[in-house]
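Visitor: I'd like to learn how to read salt bridges and sheets in a model like this one. Could you walk me through it?

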Amino acid sequence: MSQQLNVQNLVVDLQTEVGMARAVDALNLTLQKGQTFALVGESGCGKSMTALSLLRLLPDNAMIQNGKVDLGDLDVFQLSENQMRTIRGRRISIIFQEHSTSLNPVMTVGDQILEVIYQHTHLQAGDARARAIEWLTKVGLPEPERRMGSYPFEMSGGQLQRVMIAIALAAEPDLLIADEPTTALDVTIQAQILDLLKSLQQERGMAMLLITHDLAVVSGMADQVALMYAGQIVEVATAADFFVRPSHPYAKLLLQAL
């Protein structure tokens, strides 16, 4: 299996009201093609900061102090912002936790997915539209052709989550980061979305970095698990070993709570 992502010694600091705080501390991880790698830990442990670092989309008060991120043959931290724009969506894509912050309220769903297709593929006009409808169909959105003309406020949370997945996958990225992709959804829709991600991943051989605090989701999805605590990865194991033989005390506590 070839490497899709290799992160070495990533350090991210946050400017807070009381000074600098370390959000991510000397993090290393390797993700192979076709593999689902779960990054697990409680809220505030640095999982989302790690994800945003990989895409170079950190908030203004956060700084990458050290580290190297290789995405296939690309050294992400050496690219210009223009080069990054061609990479985001095409080579590496993200499903954010909150559709309210990642979908544009004044653009139709169709225009938002078409924007990605135009930017990252050679498809034009009717072909691009057909591809957009195909993705909305794949993610299980009812009446996809009609929904192309809908605005986000006209849709339910579960539908918007599907739209975000379609947008994230529309340019067929090599690596998908799914940041708590089902947090806001009820259990049935959650299961559908996870099954969908799993089958799309298998179909395409895509690598997936799954960020979650939900160990039930991990057990159904992940090949490898990394446990994050206070900005550091404290344990890495295959999913099977992690659930049967956790070695870190924090991992044992989590599993007991589950």
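Guide: A salt bridge here is a side-chain nitrogen of Lys or Arg within 4 Å of a carboxyl oxygen of Asp or Glu. Keep in mind that this is a predicted model. Take Arg91 and Asp174: their side chains meet in a salt bridge, at 2.7 Å from N to O.

Visitor: Which parts of the chain does the pair of Arg91 and Asp174 link?

Guide: Distant ones, 83 residues apart. Arg91 sits in the loop between α2 and β6, while Asp174 sits in the loop between α7 (157–169) and β7.

Visitor: And why is Asp174 called partly exposed?

Guide: Partly exposed covers the range between buried, under 20% relative accessible area, and exposed, over 50%. Asp174 has 24%, so it counts as partly exposed.

Visitor: How many salt bridges does the structure hold?

Guide: There are 13. One of them joins Glu81 to Arg56, with the closest N and O atoms 4.0 Å apart. Glu81 belongs to helix α2 (residues 81–87) and Arg56 to the loop between α1 (47–55) and β4 (62–71), so this pair ties together parts that lie 25 residues apart in sequence. Both ends are partly exposed: Glu81 at 32% relative accessibility, Arg56 at 23%.

Visitor: Which residues are linked with Arg56 in a network of salt bridges?

Guide: Glu81, Arg85 and Arg88. Elsewhere, Asp75 and Lys68 also form a salt bridge, 3.9 Å from N to O. Asp75 has a relative accessible area of 22% and Lys68 has 34%, so look for them as partly exposed residues.

Visitor: Now the sheet. In what order do the strands run?

Guide: To read a sheet, follow who pairs with whom; two strands pair if DSSP finds at least two bridges between them. Here six strands form an open, mixed sheet in the order β6-β7-β8-β3-β9-β10. β6 (92–95) and β10 (232–238) are the edges: each has a single partner strand, so one side of each is left without a neighbour in the sheet. On average, neighbouring strands are turned by 20 degrees against each other, direction ignored.

Visitor: In what sense do β6 and β7 pair?

Guide: Parallel, over four bridges, with β7 spanning residues 175–179. Among the bridge partners, Ile92 goes with Leu175 in β7.

Visitor: Which helix packs on this sheet?

Guide: That's α8 (residues 187–204), which touches β3 (36–40), β6, β7 and β8 (207–212). The direction of α8 makes about 160 degrees with that of β8.

Key
Residues numbered from 1 in each chain as written. Predicted model: local features only at pLDDT ≥ 70, side-chain atom pairs only at ≥ 80, totals over all residues. Heavy atoms only, no water. Helix = DSSP H or I, 4+ residues; strand = E, 2+ residues; numbered from the N terminus. Axes fitted to C-alpha atoms, helices over the stretch in contact; angles between N-to-C directions. Contact = heavy atoms within 4.5 Å. Buried < 20%, exposed > 50% of the residue type's maximum accessible area, 1.4 Å probe, protein only.
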